[in-house]
Amino acid sequence: MLEVYFSSGMWNTPLESQSGSLVSLTYYALVEQIDGAGRMVGLSGLYRRAWDHPDDGNYWLGWFAVDPRQQRSGLGTLLLRGTASICAAKGGRRLCIETAPGLESALRLYRAEGFRDVNAIPSYWSPGADLAIAYRDLDPAEKNRFGPIAVEEL
Ligand SMILES: CC(C)(COP(=O)(O)OP(=O)(O)OC[C@H]1O[C@@H](n2cnc3c(N)ncnc32)[C@H](O)[C@@H]1OP(=O)(O)O)[C@@H](O)C(=O)NCCC(=O)NCCS
């Protein structure tokens with residue numbers, strides 16, 4: 001049997017209640033269940049920055065990756081949609097992503113999921129590696145878009 005679900009953890013304090021650090025974050029693991037044994041196949045996360053206004057509705061996607069052996073089979077799309085749903089359920093109104101123009105696989109996925117990528121800052125990450133920002137406005141109804149994914153708060 002194959003079951004895919006999110007488990008959130010590694011940081012027991014809810015993202016909105018974390019204080020005293022510059023970045024508050026929560027990780028989400030995409031776990032494949034086969035015959036009762038779980039294996040992590042993807043990772044994502046949401047973060048907010050201390051200087052973001054509490055009511056601005058802006059959240060950032062982070063640590064977004066799928067096991068290279070499992071890529072190109074739809075898991076990245078599932079993980080991104082699930083993370084966007086969790087974000088909407090938290091009251092997020094916009095999901096933003098720090099990325100790079102060279103990450104063509106990720107950018108294709110983001111564009112297919114309705115994200116717009118905007119201007120890049122040249123040589124931000126390292127010489128020749130630009131910073132690009134992608135973002136998408138969230139529909140509050142997305143909080144109900146988990147589909148087959150269950151969220152397990154640890
Ligand atoms: C980005 C990433 C998470 C996508 O995961 P995935 O499971 O392969 O994604 P999906 O299978 O859902 O692919 C969805 C779409 O993304 C695009 N895509 C994904 N991998 C691609 C590749 N190697 N080349 C071109 N397009 C690609 C395609 O448009 C694809 O749709 P298609 O298969 O119908 O053509 C994965 O490539 C990854 O972990 N990359 C390394 C980490 C990274 O760059 N993270 C982003 C940081 S901002």
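Visitor: Among contacts between residues at least 6 apart in sequence, what share join residues at least 24 apart?
Guide: Two residues are in contact if their C-beta atoms, placed from the backbone, lie within 7 Å. Among contacts in this protein between residues at least 6 apart in sequence, 59% join residues at least 24 apart. This is a predicted model, in which local features need pLDDT of at least 70 and side-chain atom pairs count only at pLDDT 80 or more, while totals for chains, interfaces and linings use all residues. Residues are numbered from 1 along each chain as its sequence is written.

Visitor: How many helices and strands does the secondary structure of the protein have?
Guide: Helices (H or I, at least four residues) and strands (E, at least two) are DSSP runs, numbered from the N terminus. This protein has two helices and eight strands. From the N terminus on, the order is β-β-β-β-α-β-α-β-β-β.

Visitor: Which strands does E4 pair with, and in what sense?
Guide: Two strands pair if DSSP finds at least two bridges between them. E3 and E4 run antiparallel and are joined by five bridges. E4 and E5 run parallel, with four bridges. Leu61 can be followed across both pairs: Leu46 has Leu61 as its bridge partner in E4, and Leu61 has Ile97 as its bridge partner in E5.

Visitor: Where does E7 come in, and how many bridges join it to E5 and to E6?
Guide: E7 (residues 129-137) pairs with E5 in the antiparallel sense over six bridges. E6 (residues 116-126) and E7 also run antiparallel, joined by six bridges. Look at Ile133 in E7: it is the bridge partner of Glu98, and Ile133 is also the bridge partner of Val118. The hairpin of E6 and E7 has two residues between the strands, and there Gly128 takes a positive phi near 85°.

Visitor: How do I judge the length of H1, and which of its residues are buried?
Guide: The expected span of a helix is 1.5 Å times one less than its number of residues. H1 has 15 residues and reaches 21 Å from its first C-alpha to its last, close to the expected 21 Å. For burial, count the other C-beta atoms, placed from the backbone, within 10 Å of a residue's own: 20 or more is buried, 12 or fewer is exposed, and in between is partly exposed. The buried residues of H1 are Gly76, Leu79, Leu80, Gly82, Thr83, Ala84, Ser85, Ile86, Cys87 and Ala88. After H1 comes Gly91, with a positive phi near 95°. Over the 154 residues of the protein, 21% count as buried.

Visitor: Which residues have the most contacts inside the largest nonpolar core?
Guide: In soluble globular proteins, nonpolar side chains tend to be buried together. A nonpolar core is a set of buried Ala, Val, Leu, Ile, Met, Phe, Trp, Tyr and Cys residues joined through C-beta atoms within 7 Å. The largest one here has 21 residues, and Leu46, Leu61, Ala84, Cys87 and Leu95 have the most contacts inside it. E2 (23-34), E3 (37-49), E4, H1 and E5 each give two or more residues to this core. H1 provides the largest share, six residues. Leaving out residues up to four places away in sequence, Cys87 touches Leu46, Tyr59, Gly92, Leu95 and Leu138.

Visitor: Is Lys143 buried or partly exposed, and why?
Guide: Lys143 is partly exposed because 17 other C-beta atoms lie within 10 Å. Lys143 sits in the loop between E7 and E8 (151-153). Apart from neighbours within four places in sequence, Lys143 is in contact with Ser85, Ala88 and Ala89. Lys143 and Gly92 are 51 residues apart in sequence, and their C-alpha atoms are 9.6 Å apart.

Visitor: Which residues come nearest to the ligand?
Guide: A residue is near a molecule if its C-beta atom, placed from the backbone, lies within 6 Å of it. Of the 18 residues around the ligand, Gln71, Gly76, Thr77, Ser105 and Leu109 come nearest. E4, H1, E5 (94-99) and H2 (104-112) each give two or more residues to this shell. H2 gives the most, with five residues.
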